[in-house]
Each structure stands twice: as structure tokens, then as C-alpha cells.
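Here is a short report on one protein chain. It begins with a single residue and then widens to the whole chain.

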Amino acid sequence: MTVVIGFEGSANKIGVGIIRDGEVLSNPRRTYITPPGQGFMPSDTARHHRAVILTVLKEALEQARLKPADIDCVAYTKGPGMGAPLVTVALVARTVAQLWGKPLLGVNHCIGHIEMGRLITKANNPTVLYVSGGNTQVIAYSERRYRIFGETIDIAVGNCLDRFARVIKISNDPSPGYNIEQMAKKGEQYVELPYTVKGMDVSFSGILSYIEEAADKMLSSGRCTAEDLCFSLQETLFSMLVEITERAMAHCGSQEVLIVGGVGCNLRLQEMMGVMCKERGAKLFATDERFCIDNGAMIAQAGWEMFRSGQETDLEDSWITQRYRTDEVEVTWRD
């Protein structure tokens with residue numbers, strides 16, 4: 001049996017997970033939360049990760065009831081993500097691998113999400129919608145690569161939601177997106193917002209600029225409520241995502257959709273995607289916040305697949321890459 005430990009810390013979550021042949025043995029994590037109206041800076045986030053990462057590592061080993069000797073490989077997030085947090089995690093992973101005398105593996109964060117989603121849902125060969133704070137991509141596997149069929153041409157959908165939350169001072173605890181989702185359930189009026197789909201790609205900066213500028217006037221004049229704005233923003237953003245996912249499915253002849261990434265645990269997005277899938281006679285696969293939101297187990301699972309296919313990362317090559325494309329990775333573990 002192959003046991004892989006994974007370190008994730010590309011944004012404001014720090015997680016350590018352990019996988020043994022498809023079984024999640026442990027997956028503790030911590031989140032760096034800032035006050036309402038504020039985002040998280042790379043340096044502050046890295047400081048948070050440094051403060052708690054050894055505690056989280058200890059928790060992961062204790063929950064899995066394993067010792068360092070039981071681990072076969074150490075995987076870490078190579079990128080994409082924020083530079084300072086990535087460096088912090090890579091440094092710890094490199095140190096642990098050398099102290100324990102274990103092979104090291106740098107993992108693409110996006111592929112970690114995909115492989116975790118495939119493991120948990122048992123989806124066979126889905127069209128993947130990857131939506132998070134830093135990434136928005138429609139992906140499908142072909143000829144040893146995860147090919148990007150469409151993506152955001154500016155900011156990610158999660159970043160759009162987070163920045164809107166700052167405008168109307170929504171709490172960042174547990175996350176801005178979760179709090180927007182709860183408020184949107186109470187929204188009753190749809191406010192028309194810019195809808196920008198360009199072929200297979202989407203753009204979110206225009207809708208964000210529009211709502212940032214208009215929110216104060218709309219709310220102060222009583223034209224709509226904050227709940228209405230949350231509802232309208234979600235409906236518009238998610239409609240765009242469903243459209244490009246359906247187009248990719250049609251192109252690939254796919255009958256499966258897998259939603260991964262932090263925004264993927266939004267139940268309204270899952271509901272809208274489910275309606276589209278039902279109309280096409282397709283099947284939707286999604287997970288909850290344990291596996292959608294950044295976590296160490298997803299890096300361990302991708303690392304497990306890579307390690308079993310014969311991959312390792314030499315110490316001198318164990319750097320980080322902030323802009324690490326999903327389609328740069330040769331997928332040696334799939335036919």
C-alpha cells in the first residue's frame with residue numbers, strides 16, 4: 001500500500017492530508033481570516049501558515065495514526081498560487097522529505113482538485129468546471145493532458161465574489177463566498193448585470209466594476225437590498241459558467257460534469273449545473289466543502305497518482321511556480 005502526505009498552502013488555507021490507496025486518512029486545515037472589507041496579503045498569509053503548519057502536520061499524523069516511517073512520499077503544491085505562501089509550504093515539505101528520507105513531488109494545485117474530485121465522486125471521464133478564488137477553467141482530459149477549453153480572461157469567479165463582499169462589508173468568516181450564498185437565498189429581486197461570455201471564455205472584471213460602482217447608489221436609494229445584489233450576482237456569474245461548461249460538453253461529447261474548487265461547494269451553482277445536465281441526459285458530480293475547498297488530501301491524492309506512475313521531483317527542481325498551467329502537466333497516470 002502506498003501512503004502519500006500532501007501539503008497545500010497556495011492561498012489563505014493551509015492543509016496537510018494523508019492518502020493511502022484512495023482512502024483519506026486525515027485532512028486537517030486552517031484558514032487565515034481577515035476583517036470584513038479586507039482581502040489577504042501574501043506576506044500576512046505566509047506568516048499565518050508558518051505559525052500553524054507544524055501543528056497541522058502533527059494533527060494529520062495523529063489522526064491517521066501514522067509515523068513518519070509509514071509515509072512513502074511527500075507531495076506539496078508547486079503552484080499556481082500566491083508566492084509567499086507557496087514558498088512557505090514548499091520549504092516545509094522539502095525539509096520534511098529530507099528529514100524523513102522520503103521522495104518529494106511538486107503537484108499542480110488545479111490537478112490536485114481534479115484528482116480529488118475524481119476520487120471522491122467516482123466520475124469516470126468528466127468535463128471539469130474548476131472554480132475558485134484564483135482560477136476559473138473548463139477542462140477535459142485528452143491525450144495525456146488536462147486540456148483547457150475555456151477560462152476567465154481576467155479575474156477568477158471566486159475573486160469576483162470576494163471583492164464584491166468587501167464592497168458591502170460581508171464577513172470573511174468562514175468565507176465571503178459562503179456568506180454571499182446565504183444572503184442570496186433571501187434575495188427576491190433580480191438586478192440586471194453585465195453578462196460577458198466570449199466564445200469559450202468568460203470575463204468577470206466588467207460585472208465587478210459595474211456592481212462596485214452601482215452598489216452604494218442602489219442600496220442607499222432603496223432600489224434593492226444587499227440580498228438582492230448577492231442573488232443577482234450569483235445568478236449572472238453562474239449562468240455564464242453553465243453556458244461555457246455545456247459548450248465544452250457538446251464539443252467533447254461528454255455526459256459527465258465534475259465541479260471542483262472552492263466555489264464548487266456553492267449549492268446554487270450545483271443546482272443550476274444539475275438542471276443543464278438533466279436537460280442533456282448527463283450526470284453531475286460535485287463534493288462538499290471538505291474536498292472542494294483547498295486541502296492537503298487533494299495534493300496527496302494527485303501526488304499518489306504521480307508517484308505510482310514513477311514520477312519524483314529532484315531537490316534542485318523543487319521550486320514553486322506562481323503561474324503553473326493545468327495543461328503543462330503530462331498526465332502519466334491515465335490512459
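In which helix is His109 found? The model is predicted. In it, His109 is found in helix α3, which covers residues 109-121.

**Annotated binding site**

An unreviewed UniProt entry annotates His109, His113, Tyr130 and Asp294 as "binding site". These residues are spread over 186 residues of sequence, yet they cluster in space, with a largest C-alpha distance of 12.0 Å.

Is His109 buried or exposed? His109 counts as buried because its relative accessibility is 2%, and the cut-off for buried is under 20%. Beyond its sequence neighbours up to four places away, His109 touches Glu8, Ser10, Thr77, Gly79, Pro80, Tyr130, Asp294, Met298 and Ile299. Two of the annotated residues, Tyr130 and Asp294, are included in that list.

Tyr130 is found in strand β7, residues 127-131. Tyr130 is buried, with a relative accessible area of 0%. Tyr130 touches His109 and His113, and its other contacts include Cys110, Asn135, Gln137 and Val260, not counting residues up to four places away in sequence.

**A tyrosine after α10**

Tyr324 is found in the segment after α10 (296-308). Tyr324 counts as buried at 14% relative accessibility. Its contacts, leaving out residues up to four places away in sequence, are Lys78, Gly79, Pro80, Val107, Asn108 and Val329. Gly79 and Pro80 are also touched by His109. Tyr324 and Arg65 lie 259 residues apart in sequence and 33 Å apart in space, C-alpha to C-alpha.

| Residue | Location | Relative accessibility |
|---|---|---|
| His109 | helix α3 (residues 109-121) | 2% |
| Tyr130 | strand β7 (residues 127-131) | 0% |
| Tyr324 | segment after α10 (296-308) | 14% |

**The chain as a whole**

The chain has ten helices and 13 strands. Its radius of gyration is 20 Å, close to the 20 Å that the globule rule gives for 335 residues, so the chain is as compact as a globular protein of that length. The C-alpha atoms fill a box of roughly 65 × 45 × 30 Å along the principal axes.

Buried residues make up 56% of the 335 residues. Of the contacts between residues at least 6 apart in sequence, 77% join residues at least 24 apart. The chain exposes about 14,200 Å², and carbon and sulfur atoms supply 48% of that area. There are 35 positive and 41 negative side chains, and the centres of the two sets lie 3 Å apart.

UniProt lists residues 29-300 as "domain: Gcp-like" in the unreviewed entry. Over residues 29-300 the chain is 52% helix and 17% strand, with the end C-alpha atoms 14 Å apart.

Methods
Residues numbered from 1 in each chain as written. Predicted model: local features only at pLDDT ≥ 70, side-chain atom pairs only at ≥ 80, totals over all residues. Heavy atoms only, no water. UniProt positions renumbered as here; feature names shortened; annotations may be inferred. Helix = DSSP H or I, 4+ residues; strand = E, 2+ residues; numbered from the N terminus. Buried < 20%, exposed > 50% of the residue type's maximum accessible area, 1.4 Å probe, protein only. Contact = heavy atoms within 4.5 Å. Rg over C-alpha atoms; globule rule 2.2 N^0.38 Å. Areas by Shrake-Rupley, 256 points an atom, 1.4 Å probe, with all protein chains shown as cover. Lys, Arg positive; Asp, Glu negative; His and termini not counted. Charge placed at Lys NZ, Arg CZ, Asp CG, Glu CD.
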